[in-house]
Amino acid sequence: MARNFRGGMPNMNNMMKQVKKMQEEMEKAQQELEEKEFTSSAGGGVVEATVTGKKVVTSIKINPDVVDPDDVEMLQDLIMVAINDAASQADKFNEDNMGRLTGGINIPGLM
């Protein structure tokens, strides 16, 4: 039989319900992240990249006016900037959502 120290032991059923609710909320947040898309542009909008929350590139748009065969490096740089920024948006969204659910506690494997 458990002893009652300073208010007794926490109610195990309530704690399990809270854990289950948190798990469901985290699964929902993960699904939302997977379905969400993040778009960023570079070079004043001449290059635009869209990635999913899992950082899969789903779209790249390039204004034909910036395609200069003599300066391919600049176009490559613009594409890279747009993709990296969109991926950073996905990371921030994930950190914000998971942080809200976990109360700021870093749980390995969730982020």
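Trainee: To start, in which helix is Glu73 found?
Mentor: Glu73 is found in helix H2, which covers residues 72–102. Please keep in mind that this is a predicted model.

Trainee: Is Glu73 buried or exposed?
Mentor: Glu73 is exposed, because its relative accessible area is 60% and the cut-off for exposed is over 50%.

Trainee: Which residues form the negative surface patch?
Mentor: Glu73 belongs to that patch, together with Asp68, Asp70, Asp71 and Asp77.

Trainee: And what makes up the nonpolar surface patch?
Mentor: Met12, Met15, Met16 and Val19 make a nonpolar patch of about 380 Å². Of these residues, Met16 lies in helix H1, residues 12–35.

Trainee: Stepping back, what is the pattern along the sequence?
Mentor: The pattern reads α-β-β-β-α, with 2 helices and 3 strands in the protein.

Trainee: How much of the protein counts as buried?
Mentor: Of its 111 residues, 23% count as buried. The accessible surface comes to about 8,400 Å², and 52% of that belongs to carbon and sulfur atoms.

Trainee: Changing topic, how many salt bridges are there?
Mentor: The count comes to 5 salt bridges. One of them joins Glu34 and Lys54, with the closest N and O atoms 3.9 Å apart.

Trainee: Where do Glu34 and Lys54 sit?
Mentor: Glu34 is in helix H1, while Lys54 is in the loop between strand S2 (47–52) and strand S3 (57–62). The pair links distant parts of the chain, 20 residues apart. Glu34 is partly exposed at 42% relative accessible area, whereas Lys54 is exposed at 54%.

Trainee: Which residue meets Glu48 in a salt bridge?
Mentor: Its partner is Lys61, at 3.9 Å from N to O. Glu48 is partly exposed, with a relative accessible area of 28%.

Trainee: What about Asp91, which residue does it form a salt bridge with?
Mentor: Asp91 pairs with Lys55, and their closest N and O atoms are 2.8 Å apart. Because Asp91 lies in helix H2 and Lys55 in the loop between S2 and S3, the pair ties together parts that are 36 residues apart in sequence.

Trainee: How accessible are Asp91 and Lys55?
Mentor: Asp91 is partly exposed, with a relative accessible area of 31%. Lys55 also counts as partly exposed, at 42% relative accessibility.

Note on methods
Residues are numbered from 1 along each chain as its sequence is written. This is a predicted model: local features need pLDDT of at least 70, side-chain atom pairs count only at pLDDT 80 or more; totals for chains, interfaces and linings use all residues. Side-chain values use heavy atoms; hydrogens and water are left out. Helices (H or I, at least four residues) and strands (E, at least two) are DSSP runs, numbered from the N terminus. Buried means under 20% relative accessible area, exposed over 50%, partly exposed in between (1.4 Å probe, protein chains only). Accessible areas come from the Shrake-Rupley method with a 1.4 Å probe; for residues, only the protein chains shown count as cover. Patches are made of residues with over 30% relative accessible area and no salt bridge: like charges are joined within 9 Å, nonpolar side chains (Val, Leu, Ile, Met, Phe, Trp, Tyr) within 5 Å. A salt bridge is a side-chain nitrogen of Lys or Arg within 4 Å of a carboxyl oxygen of Asp or Glu. Lys and Arg count as positive and Asp and Glu as negative; His and the chain ends are not counted. The place of a charge is taken as NZ of Lys, CZ of Arg, CG of Asp or CD of Glu.
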